[in-house]
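Let's walk through this structure together, one piece at a time. Have the viewer open and follow along.

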Amino acid sequence: MITKNKQNNLIWLGLAISTILPFLFPNYITFLTYIWVMIILALTWDMLGGQTGYTSFGNILFFGVGMYVCAVVQRDMFSSGLDRFERVSEVVVNLNASEYFISLAVGTFSGALVAVFLAVILGSGILGMRGHYFAICTLGLGHAAAEIASGIEYLGAGSGMVTPIYPSGLFLGKEEFYYYALLMVAVATFFLFKKIYQSQFGLALNAIRDNENKAESMGIHTTQYKIAGWSISAFFLAIAGAGVGNVIGFIDPVEIAFSGPTFGVWMIVMAILGGKGTIWGPVLGAIILYSAKETFWTYLLGWDKVALGLLILIVVVYFPKGILGYFKERKQLSNNILSQKGES
Amino acid sequence: MDLLSVNSVNKSYGGVVANTDVSLEVPEGKIVGVIGPNGSGKTTLFNSIVGHHPIDSGEIYFNNQEISRLTIPKIARMGMLRTFQQTHIYGKMTCVQNMQISSDIDANWKRIFSPFSSDVDDNADELLSFVGLYKKRFLLAGDLSFGQQKLLEFAMALMKKPRMLLLDEPTAGVNPTLINGLIDRLHQANEDMGITLLVIEHNMRVIMNLAEHIYCLANGTMLAEGDPDNIQNDQRVIDAYLGN
């Protein structure tokens with residue numbers, strides 16, 4: 001068994017390696033950046049999906065909202081506003097370094113706040129629903145958001161938006177900058193969530209997962225906890241969205257921002273693959289699934305989606321509780337045997 | 001003084017009338033029993049009291065406050081808790097965690113990062129020993145036997161330091177040896193911790209030993225009330241149970 005001290009050392013070692021990775025493998029930097037994005041996606045999905053047992057298919061909404069809000073702030077904060085006759089999707093804003101980073105920071109934060117606001121409003125409406133009803137209700141969220149964004153000319157409508165060009169001549173290039181930024185967000189998310197799951201709040205989420213009626217009859221305001229959990233997820237998810245929008249440099253409402261079939265599904269599969277309801281599960285799942293996806297794409301182009309589907313199938317059949325869920329169960333089993341022995 | 005008083009409560013599910021004009025009083029510090037054949041509306045009455053569903057008419061007062069329209073968590077926070085006929089525990093959490101989460105917590109943002117205090121842990125250990133589950137405290141609650149889960153649920157309710165407990169068939173499905181222990185503990189909770197109890201029970205031996213005053217429901221109406229001896233010899237109660 002890994003002791004706590006050892007585990008901490010491993011985390012620090014992992015972080016140290018992560019910091020120098022872009023210099024070791026400069027060709028893989030975008031791939032590595034996406035690994036951190038995927039970790040954020042899986043972790044935030046797991047707050048409700050794993051710890052609280054509320055499967056959400058609509059978390060992609062917050063991702064896209066963060067992306068759009070940030071892009072709009074970046075575009076409009078320092079420029080004189082849009083020319084009415086210009087096509088929004090073709091507007092490319094040139095900012096100097098300080099303007100770029102200020103608008104990026106303000107945009108990211110505003111995106112996160114808007115996402116939290118949406119989570120609270122939507123959550124008050126649909127988080128009162130139990131179990132599967134909530135899941136069904138969230139199915140339409142991402143799709144509806146994509147349709148709405150496609151219809152707003154201010155957001156570039158169906159043609160999408162272009163994020164500002166990264167200022168040249170800086171110490172860190174664009175790729176490096178977003179690698180480290182998203183690394184920091186992922187690490188912050190991880191440690192914050194870890195802390196939350198060890199707290200009273202985290203145990204309340206687990207109680208809702210195990211028996212919501214009981215939790216309610218014991219005086220826990222379950223809907224408030226669910227809304228709070230969803231809001232925290234939305235906050236970090238929106239930050240990830242803001243980052244991804246800038247990494248890609250182009251925002252398409254259906255294919256990128258509110259892309260249910262890619263990011264929206266991956267976040268769920270990654271959390272389940274690694275073991276939902278654990279802190280390390282989503283991290284592990286994100287690394288494995290995204291690496292597999294990229295490998296399949298590189299070597300099995302054309303059959304890559306089939307291979308990915310097969311991988312998911314194997315995991316669901318042989319590790320229905322995920323990789324870490326499997327080990328957790330075995331550990332609990334040996335714990336049970338030990339304490340049975342101690343009793344006699 | 002009556003801690004709980006239920007006045008003329010009516011509840012029907014569509015065309016099915018579950019409670020008609022049901023009234024009862026539970027004085028503070030007493031143990032009161034509710035008996036009645038299957039389907040007589042006992043659990044519906046419990047659900048009405050704790051706010052599980054809205055009642056059609058009537059009033060329910062707890063501690064002189066009307067609670068007829070409050071939600072479950074609000075009523076629970078006022079100090080009235082219920083346990084379930086089928087055990088309701090948090091199966092994938094250990095017994096200790098089950099106890100911790102049953103302590104008095106609320107959705108306070110300051111507590112979002114803080115673990116449980118050592119007071120809570122001490123209290124949990126104490127109550128787990130009280131119900132005899134101390135050795136099993138690190139097992140998942142879902143792995144306990146049915147009887148042990150009932151004991152755990154009882155301990156969880158005590159964790160909240162309630163003023164009143166509504167117990168829905170605490171001994172159903174529990175083996176006879178454990179039942180005796182459970183009766184003792186219910187008495188102790190009542191006497192030592194000052195918790196008022198309202199108990200639904202089918203086991204006549206248990207309820208006659210436990211309750212000081214018994215209400216008998218049949219077909220959704222209050223058939224009879226009185227002390228255990230009177231109820232046992234009441235012809236209407238015997239008819240309701242055996243059919244006439």
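Helices (H or I, at least four residues) and strands (E, at least two) are DSSP runs, numbered from the N terminus. Residues are numbered from 1 along each chain as its sequence is written, while chains are lettered from A and ligands numbered from 1 in the order in which they are written. Please keep in mind that this is a predicted model, in which local features need pLDDT of at least 70 and side-chain atom pairs count only at pLDDT 80 or more, whereas totals for chains, interfaces and linings use all residues.

A:Ala157 sits between helix H5 (131-151) and strand E1 (161-162) of chain A. The phi of A:Ala157 is near 45°, a positive value in a residue other than glycine. A residue is buried if 20 or more other C-beta atoms, placed from the backbone, lie within 10 Å of its own, exposed if 12 or fewer, and partly exposed in between. With 16 other C-beta atoms within 10 Å, A:Ala157 is partly exposed. B:Lys161 lies in the loop between helix H5 (146-159) and E7 of chain B, and its 14 C-beta neighbours inside 10 Å make it partly exposed.

Strands of a sheet pair through backbone hydrogen bonds, either parallel or antiparallel. Here two strands count as paired if DSSP finds at least two bridges between them. Six strands of chain B form an open sheet in the order E6-E7-E8-E3-E9-E10, with mixed pairing. Strand E6 (80-83) and E10 of chain B stand at the edges with a single partner strand each, so one side of each has no neighbour in the sheet. The twist averages 15° from one strand to the next.

Both senses of pairing can be found here. Strands E7 (residues 164-168) and E8 (residues 196-200) of chain B run parallel over 5 bridges, and B:Leu165 stands opposite B:Leu197 in E8(B). Strands E9 (residues 213-218) and E10 (residues 221-226) of chain B pair in the antiparallel sense, also over 5 bridges, with B:Ala224 as the bridge partner of B:Cys216. E9(B) and E10(B) form a hairpin with 2 residues between them, and B:Asn219 in the turn has a positive phi of about 50°.

Now to where the chains meet. Residues are in contact if their C-beta atoms, placed from the backbone, lie within 7 Å. By that criterion, 28 residues of chain A are in contact with 32 residues of chain B. The largest share of chain A's side, 7 residues, comes from H7(A). That side divides into 9 nonpolar, 14 polar and 5 charged residues; Ala, Val, Leu, Ile, Met, Phe, Trp, Tyr, Cys and Pro count as nonpolar, Asp, Glu, Lys and Arg as charged, and the others, Gly among them, as polar.

Where does H7(A) meet H3(B)? A:Leu203, A:Ala204 and A:Ala207 in H7(A) meet B:Gln97, B:Gln100 and B:Ile101 in H3(B). By class, this contact has 4 nonpolar, 2 polar and no charged residues.

Technical notes: Two residues are in contact if their C-beta atoms, placed from the backbone, lie within 7 Å. Axes are lines fitted to C-alpha atoms, for helices over the stretch in contact, and angles run from 0 to 180 degrees between N-to-C directions.
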